[in-house]
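Please keep the sequence and the structure in view as you go.

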Amino acid sequence: MTTNNTNRSKLFKGLQKIGFAIPLMFVGPVIINSSFKNSEHPLYYPVLILGILICLFSMFFFFKGLTTMVSGFFNDSNTNK
């Protein structure tokens with residue numbers, strides 16, 4: 001029986017992606033909230049779209065970071081090359 005060692009470089013890359021996603025998780029809803037408070041402003045729709053895009057990017061980076069971390073834990077060489 002062989003033991004699987006953790007791939008530390010993949011684990012670190014996953015943590016970096018999650019570390020980038022966490023601030024976006026807070027910034028996106030703040031931008032969306034400020035856009036809802038200023039619904040009469042002419043830049044309402046661009047600011048709302050920006051906040052939604054930031055939220056979507058944060059979900060994407062968190063998911064990619066989590067999958068990279070899991071592949072690093074189990075030393076899976078097939079995913080996230």
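How many aromatic pairs does the count come to? It comes to five aromatic pairs, where rings of Phe, Tyr and Trp (its six-membered ring) pair if their centres lie within 6.5 Å. Please note that this is a predicted model, in which local features need pLDDT of at least 70, side-chain atom pairs count only at pLDDT 80 or more, and totals for chains, interfaces and linings use all residues. Residues are numbered from 1 along each chain as its sequence is written, and side-chain values use heavy atoms, with hydrogens and water left out.

**The chain as a whole**
- The chain has two helices and zero strands; these are DSSP runs numbered from the N terminus, with helices (H or I) of at least four residues and strands (E) of at least two.
- Of its 81 residues, 26% count as buried, a word that means under 20% relative accessible area, with exposed over 50% and partly exposed in between (1.4 Å probe, protein chains only).
- Among contacts (heavy atoms within 4.5 Å) between residues at least 6 apart in sequence, 68% join residues at least 24 apart.

**Aromatic rings**
- Phe 36 and Tyr 44 form a tilted pair, at 6.5 Å centre to centre and 45 degrees between the planes; planes under 30 degrees apart count as stacked, over 60 as edge-to-face and the rest as tilted.
- Phe 36 is partly exposed because its relative accessible area is 49%, while Tyr 44 counts as buried at 15%.
- Ring pairs also link Phe 20, Phe 57, Phe 60 and Phe 61 into a cluster.

**A buried serine**
- Ser 58 lies in helix α2, which covers residues 44-73.
- With 3% relative accessibility, Ser 58 counts as buried.
- Beyond its neighbours within four places in sequence, Ser 58 is in contact with Ala 21, Leu 24 and Met 25.

**The nonpolar surface patch**
- Ile 22, Met 25, Phe 26, Phe 62, Leu 66, Val 70, Phe 73 and Phe 74 form a nonpolar patch with about 760 Å² of accessible area together.
- Patches are made of residues with over 30% relative accessible area and no salt bridge, joining like charges within 9 Å and nonpolar side chains (Val, Leu, Ile, Met, Phe, Trp, Tyr) within 5 Å; a salt bridge is a side-chain nitrogen of Lys or Arg within 4 Å of a carboxyl oxygen of Asp or Glu.
- Helices α1 (8-37) and α2 each supply at least two of the patch residues, and the largest share, four residues, comes from α2.
- Ile 22 sits in α1 and is partly exposed, with a relative accessible area of 39%.

How values were computed:
Accessible areas come from the Shrake-Rupley method with a 1.4 Å probe; for residues, only the protein chains shown count as cover.
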